[in-house]
Amino acid sequence: MQETSRTVEALPRAVGWIDILTVFVDPERAFHRVLKQGTWFPAYLVSALLATGVAAWMMQNSMSVFEQGLAQAATAQAEQMRAFMFTMTKVAPIIGGILGPLIAGALMALVYGALGLFIGSSGPSGSFRSYFTLACFARLPQVVAQALGVGGMILFHLQTPLIFSPVVLFPNLAPQSLAYSLLSTLDVFMIWSIILATVGLAVIHGRKVREVVAAGVVLYLLSLSLSVSLSLIAAAFSV
């Protein structure tokens, strides 16, 4: 009996780790478990580790390019700059990896809460913890996409990370164009994240998935407008 009791107590702690994988194949079942218990930490930790690894490699890559420029100037100022950049390559990825998923999760939890008012609820309304847990799990496909993008960049010796959108089929499109910005937002992993968020919102509010599709459309349009705006701003400054 005592052994059974320990197993039952340990099960809730293991649920979040198991459902990191389950959420990709059976999201509704996974969300019924993790959202009920608010087990956000496993998904956050995976996101933080992947984000830290991606940021560390990108910073290291930038540092190697920066080193080539500093090699021309053997001055005390150049040495100080080199030391500063070396410190940043160690510290910035860790800080960004820890804080980035927390900030993104908190912001998306607020968005989900606002959408929850629009959806309504046939049961208890969602808490900030449940929305935050949903945000951590729903972001996993996008975090995986970033890791795959950088991995592909290293493997195929590319100048920029791999992207998973139809824009790769149109190499002649100018990055400053609206068509390029729109196509680049049709990211498979971003759409996957929105589908997970839609399923999770349905679970939180006790609705059928088809009843909250409108919320998924709103999420997609918000993501689309934000991505297009950022792409156009970046393109304007790069001219």
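This report describes helix packing, aromatic pairs and selected residues in a predicted model.

## Overall make-up

The secondary structure of the protein amounts to 9 helices and 0 strands. Followed along the sequence, the pattern is α-α-α-α-α-α-α-α-α.

The protein has 239 residues, and 33% of them count as buried. Among contacts with a separation of 6 or more, 69% come from residues 24 or more positions apart.

## Helix α2 against helix α8

Two packed helices are described by the angle between their axes and the distance between the axes. Helix α2 covers residues 27–37 and helix α8 covers residues 188–204. The two pack at an angle of about 55°, and their axes are 9 Å apart. The crossing of α2 past α8 is right-handed.

On the α2 side, the residues that meet α8 are Pro27, Glu28, Phe31, His32 and Leu35. On the α8 side, they are Leu196, Val199, Gly200, Val203 and Ile204. By class, the residues of this contact between α2 and α8 are 7 nonpolar, 2 polar and 1 charged.

## Helix α2 against helix α5

Helix α5 covers residues 128–138 and also packs against α2. Here the angle is about 135° and the axes are 8 Å apart. An angle counts as roughly antiparallel when it is over 145 degrees; α2 and α5 are therefore classed as oblique to each other. The crossing of α2 and α5 is right-handed.

From α2, Phe31, Val34, Leu35 and Gln37 take part in the contact. From α5, the partners are Arg129, Ser130, Thr133, Leu134 and Phe137. The contact of α2 with α5 has 5 nonpolar, 3 polar and 1 charged residues.

## Aromatic pairs

A pair of aromatic rings is described by the distance of the centres and the angle of the planes. The count for the model comes to 8 aromatic pairs. In one of them, the ring centres of Phe24 and Trp192 are 5.3 Å apart and the ring planes stand at 80°, so the pair is edge-to-face. Phe24 belongs to helix α1 (residues 2–25) and Trp192 to helix α8, so this pair ties together parts that are 168 residues apart in sequence. Phe24 is partly exposed, with a relative accessible area of 26%. Trp192 is likewise partly exposed, and its relative accessible area is 31%.

A further pair is formed by Trp40 and Phe41. Their ring centres are 5.9 Å apart and their planes are at 80°, so this pair too is edge-to-face. Trp40 counts as partly exposed at 24% relative accessibility. Phe41 is partly exposed as well, with a relative accessible area of 41%. Trp40 and Phe41 belong to one aromatic cluster together with Tyr44, Phe128 and Phe132.

## Selected buried residues

Thr22 lies in helix α1. Its relative accessibility is 14%, and residues under 20% count as buried, so Thr22 is placed in the buried class. Not counting residues up to four places away in sequence, Thr22 touches Pro27, Ala30 and Arg33.

Ser130 is placed in helix α5 and counts as buried at 7% relative accessibility. When neighbours within four places in sequence are left aside, Ser130 is in contact with Leu35 and Ile204.

Pro42 lies in helix α3, which covers residues 41–70. Pro42 counts as buried, with 5% relative accessibility. The C-alpha atom of Pro42 is separated by 8.8 Å from that of Phe137, although the two residues are 95 residues apart along the chain.

Key. Residues numbered from 1 in each chain as written. Predicted model: local features only at pLDDT ≥ 70, side-chain atom pairs only at ≥ 80, totals over all residues. Heavy atoms only, no water. Axes fitted to C-alpha atoms, helices over the stretch in contact; angles between N-to-C directions. Helix = DSSP H or I, 4+ residues; strand = E, 2+ residues; numbered from the N terminus. Left-handed = near helix turned anticlockwise from the far one by under 90°. Contact = heavy atoms within 4.5 Å. Nonpolar A, V, L, I, M, F, W, Y, C, P; charged D, E, K, R; others polar. Phe/Tyr/Trp six-rings, centres within 6.5 Å; stacked < 30°, edge-to-face > 60°. Buried < 20%, exposed > 50% of the residue type's maximum accessible area, 1.4 Å probe, protein only. Parallel < 35°, antiparallel > 145°, perpendicular 65-115°, else oblique.
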